[in-house]
Every structure is written in structure tokens, then in C-alpha cells.
Amino acid sequence: MSIIEAIKARSSNGIMTDAAVSPEKIKQLLDAAVCTPVHHNTKPWRFLVIQGAGRQLLSDIMVQYYDKTMPDSEESKAIALRDKLSKKPFRSPIIIAVAAAKPEGEKAIMRENVASAIAACQNILLAAPALGLSAFWRTGSFMYAPDTASALGFKEGAELVGLIYLGHPKREMPPKSRETSEAYVRWLGQMTETIIS
Ligand SMILES: Cc1cc2nc3c(=O)[nH]c(=O)nc-3n(C[C@H](O)[C@H](O)[C@H](O)COP(=O)(O)O)c2cc1C
């Protein structure tokens, strides 16, 4: 499959088995993840691989955020929502939390570290099917809360950019009908007849 075909064929697939994902596959995915463009060579990608019982920490963080931010919810509704939230990390056997490190030095800027970490997320999504895995990207306001990155052990100043859920698909997804770009593009200048190299 060409890279263009792989990009077009990618789609989120949350219907996964509980089967473990081998550490070798995770390493392959992460090695692909760090092949991003990066300005000032800051190497900003940071990953936490969350699996098995480790998923409980993420569940606790989600529920604590809910309790903090929704204190006035009607009780029965709140219990149902809390329960739903607490189960989310158990939708897949592996979750990779992806963060951008705070830049050091004067030149590098956080926005570009974030850009590179986001590209790492997309690399994982694109690499996963090549290893027989499915993947989807989740965030949510709890993820952007100031305490979440540190609760997951990332260093001070790191910003989470995604939670990538990974596992073996229970079934293949039918191909998605994808947009074409025309509606989002403007062109400036005209194509010259001769391109001087
Ligand atoms: C940065 C980012 C965060 C996202 N967070 C969520 C999320 O928290 N919940 C959700 O349902 N979809 C979220 N999405 C969208 C899905 O991951 C997915 O891309 C979307 O449903 C389109 O499906 P596709 O990946 O098959 O094209 C997020 C996408 C991005 C790029």
C-alpha cells in the first residue's frame, strides 16, 4: 500500500479485543512516532505506555476531574456518567499518552514542540494498521487540566496532546468516504511554464 493509500484508508476503530499488544509492536510504533519533523532538534516527544492495571490510574484521573468540575450534577445522572467515564480507559489493552516536553533554551518554542508531538500521534495512527492494530485518538478537557500531565508522571511544563488507544481490531472498518481538499484551499500565484532548478 502506498503512503497516500495508507493515509486515505486510516480510520478510527474502537472495536477491539482485550488481547495484549506485544512490547515489540509498541516499540515499532514508538520508533515510527518519533520520526517527525522537529524544529531546533528539541526531541519533544514524550510517551507513557499505559496497560493492564495501569489503566486504573487514568480512570481515577478522569473520575476525579469529573467530580471536581461537575459537583452539582443530579445524583443518578452523575453516578451513571462517572461509571461511564471510569470504564473509558478499559476500552483498549494499551493507551499511549503523548506529551510535548517544555523546550529548553531560548530559540525553541512550546507551540512547535506541541506540533511535533501531534505529528507523532498521527505517525502512530498511520503505523498501527501495518502491525495489524487499530487505534483512535482521544483528548477531553480532563486531559488539558493543569494536574493531569504531572499525575501521569510527565515533567513539569509538559503538555499532553493525545491519548492513543490501541489494540487488535475485532473487525475491519468499512472504508470511509473522505473529503477532498478543494473547499479548504486558496492558491496564490500562477504556475510558471518552466521550473528552474
Ligand atoms: C486532537 C484530537 C483530539 C480528539 N479527541 C477526541 C475525543 O476526545 N473524543 C472523540 O470522540 N473524538 C476525538 N477526536 C476525533 C477522533 O479521534 C476521530 O479522528 C474522528 O472521530 C474522525 O474519525 P476518523 O479518525 O476515523 O477519521 C479527536 C481528534 C483529534 C485530532
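Which pattern does the protein follow, read along the sequence? Please then examine how α2 passes α5.

Analyst: This is a predicted model, in which local features need pLDDT of at least 70 and side-chain atom pairs count only at pLDDT 80 or more, whereas totals for chains, interfaces and linings use all residues. Residues are numbered from 1 along each chain as its sequence is written.

Read along the sequence, the pattern is α-α-β-α-α-β-α-β-α-α-β. It comprises 7 helices and 4 strands; these are DSSP runs, with helices (H or I) of at least four residues and strands (E) of at least two, numbered from the N terminus. Along the principal axes, the C-alpha atoms fill a box of roughly 70 × 45 × 35 Å.

The part requested involves helix α2 (residues 23-33) and helix α5 (residues 110-127), whose axes come within 8 Å and cross at roughly 135°. Such axes are lines fitted to C-alpha atoms, for helices over the stretch in contact, and the angles run from 0 to 180 degrees between N-to-C directions. The two helices, α2 and α5, are therefore oblique to each other; angles under 35 degrees count as roughly parallel, over 145 as roughly antiparallel, 65 to 115 as roughly perpendicular, and the rest as oblique. The crossing of α2 past α5 is right-handed, a term for a near helix turned clockwise from the far one by less than a right angle.

On the α2 side, the residues that take part are L29, A32 and A33, and in α5 they meet A120, N123, I124 and A127. Contact here requires C-beta atoms, placed from the backbone, within 7 Å. By class, this contact of α2 with α5 has 6 nonpolar residues, 1 polar residue and no charged ones. Ala, Val, Leu, Ile, Met, Phe, Trp, Tyr, Cys and Pro count as nonpolar, Asp, Glu, Lys and Arg as charged, and the others, Gly among them, as polar.

The strands complete the picture. An open sheet of 4 strands has the order β1-β2-β4-β3 with antiparallel pairing, where two strands pair if DSSP finds at least two bridges between them. Its edge strands, β1 (45-51) and β3, each pair on one side only. From one strand to the next, the twist averages 25°. Strand β1 pairs with strand β2 (residues 94-100) in the antiparallel sense over 7 bridges, and F47 has V98 in β2 as its bridge partner.

Key
Two residues are in contact if their C-beta atoms, placed from the backbone, lie within 7 Å.
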